[in-house]
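Hello,

Below is the structure to be handed over. Notes on the cores and the sheet follow it.

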Amino acid sequence: MSHQGDQTVDMLDFSTLSDAPEQRQRGRLLVWGAAVLAVIALAAVLVPSLTIGTKKAQLTEQVAERLQLTASGQAGVISTWLQGNRRLADPVVESELLRLFSTEMDLAGGDMSRMVAPQTDENGLGVPLVEQVPFIERIITDFAANADFLAGYLVGRNGVAFVTSSGAVPLSVDQRRLAEDSFERSQTVYGPARSAPAGLVLDMAVPIYAAQVNPGQSKPVAVFILVTPLASGLAEILSKDPLASPGTERVLVQFDGGQLGRIQPGAATPIAPVSIDGFDLAAGEIPFAQRPSLAGLGAVYSAGTMVSGPTWWVLEEITVAAAERPLATYTTAAIIVSVLVVLAVAVAFGAFWWRLASVHDRALAEQYRSLADRIQAQKQLLDSINGAIPEFIGLKAPDGTYRYANAAFAKAVSRRPDSMVGLDDAAIFGQGTAKRLALSDRRVLNSSESVTTDEEVYLDGALRYLQISKVPFFAATGEASGIVSVTRDVTELVEQQRKKEHAIQQMVAALVRAIELRDPYLAGHSRRVAEFAAAVGKQLGCSEEELATLELAANLSQIGKLSVRKELLTKPARLTPDEIKEMEAHVGHAVEFLRGIDFELPVVETIAQMHERLDGGGYPKGVKGEEISLTGRILGACDVFCARLEPRSYRAGLAPDAVLDILQENLTRYDPKVIEALKQVVATIPGEKLIASIATG
């Protein structure tokens, strides 16, 4: 710090000022000094305003991105849950018996009295329609009870329910309109959530096609309306995340009959009318904006994403106070610094003018005293500015002892700034942390360049994540005589990133459960592929990003099979060439499902390449060689290995050695380095446990 003081003395030395004409020179200096003071004062006002505005814009952008990401993730979870409920109806709507009955009813115009005699043609059921009704009713009733639906209706194109489940109330006008919409669009249609005696429910209309006709080649002959209970499923999905930041809320809204309503499972009024500023039905998303809270939080920032299926939106809210809390600290510091700068300049200018107004022949000792006062004022100014800065600032000598620490640094380690002088990192943080910090100290002194590191340090018993930037401090001789460190506490940013990763993990877990419910033979498959792929990746020295990509991609690798016919997934015989082609389309379905999710990792690209082969004989694009990423090659080999070990409906599982022999014989298709690493993993105890879990998992 003494070096800085010497520079100040040189800058403020007035011994070379001319004496003649003294009065005129004094006037010119006064004008110039006043102008400089005015410019600095204006800058001290404008600069903080601009920086605070920029900081607020950055903060708002981060909040918008976080809300949109969370809303999109929850909308995807709700869509997956609704699609799972819809697929429960497949065994009924795809039943040849029900399709044949619906075809006969459609030919009879929905009037069973027109067809009371047995059918004798080759397409007939051979039983009068009126006699088939009790049997069909029992099928629908048993299905509704087993699948936890409240009621089921088999509706003709005339809007009349010719068969209902036992105990079902009469078909409402809105349900008839829903059936008409399904007939018109030839697809599953969801009605709005509504209140019923059994609680909050949702109607969905699933089209039924004529017997021996593929869906999409003709219009439906009937519609199967199912009444789905919503309370328990939605309550779990909409429950508040325990890791969510204070002041946040999740709201589910729907658009019905020109009116927006909030869906609240378990509330006294489960569907309450609301209004949303800036809502546009055609936009698909609720744009990010500051608006009144739907959950009673006051003024909030909010953004929403539309759910695929019903006319629903997931709206994420955070109070303005919670979102802008970091801005308050920044604003206070900026204002304090600006005020101190203006005061310092004013003091310096006043002292400067006082010096000019003093008697020229005042003793030289008086001039040095004045200069010393100004140096002290500048030192106090520097201390005040450093004390207002939230970052931890320290100056260390080459031997590692501190020569200076600002107030923020001292407060963080529960010490006074003056008590830190002479201490080293071991005395402040402990031996373990001191050894890590010493490494970056040596790099700064040896290279004379800045170094930035991330450290985990316990401060006052709490784990904090710090970003430490260090630069060399040069003496007057040009040699590095110390280290200046600026430390930023980035704990909140790290925790926010972990919350985002947790949300993605929850979404992945929900999708994996949906896949395993769809195909029982896939139960545990994704987990085993993920563990083998991670082990092989570590064996090959993959980076942390590549290992994270392998884990996510493996868990989501089978998501595309949600769009494959269930009877194809569980077929007890080998697939035909056409069925194989249909099955291979699951890769494209997976890419479409996951395209809109920002994993910040090449997860989707890895899934798209896991079935490609080195010789170009894979699918879907037939890429080959180095065009296939390392993660794609690892995931492809581990998927084949686990699939061959696991039993299927048409074959038993193979022994591990037999599968490895098959892979070894096809090294033109699989990466030899990956296969060798897989062999080493299989020979380990964790690998043996994974293989053993196939028999018990």
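A nonpolar core here is a set of buried Ala, Val, Leu, Ile, Met, Phe, Trp, Tyr and Cys residues joined through side-chain atoms within 4.5 Å; buried means under 20% relative accessible area, exposed over 50% and partly exposed in between, with a 1.4 Å probe and protein chains only. The model is predicted, so local features need pLDDT of at least 70 and side-chain atom pairs count only at pLDDT 80 or more, while totals for chains, interfaces and linings use all residues. Residues are numbered from 1 along each chain as its sequence is written, and side-chain values use heavy atoms, with hydrogens and water left out.

The largest nonpolar core has 43 residues, and F532, F641 and L678 have the most contacts inside it. Among the elements that give it two or more residues are α15 (525-539), α22 (656-664) and α23 (672-682); helices (H or I, at least four residues) and strands (E, at least two) are DSSP runs, numbered from the N terminus. The largest share, eight residues, comes from α21. Beyond its neighbours within four places in sequence, L678 is in contact (heavy atoms within 4.5 Å) with F532, V536, C638, F641, L660 and L663. A second, separate core of 39 residues includes V77, V133, L238 and W312.

There is also an open sheet of five strands, ordered β2-β1-β5-β4-β3, with antiparallel pairing; two strands pair if DSSP finds at least two bridges between them. At the edges, β2 (161-164) and β3 (189-196) each pair on one side only. Strands β1 (residues 151-155) and β5 (residues 222-229) are joined by five bridges in the antiparallel sense, and Y153 stands opposite I225 in β5.

Regards
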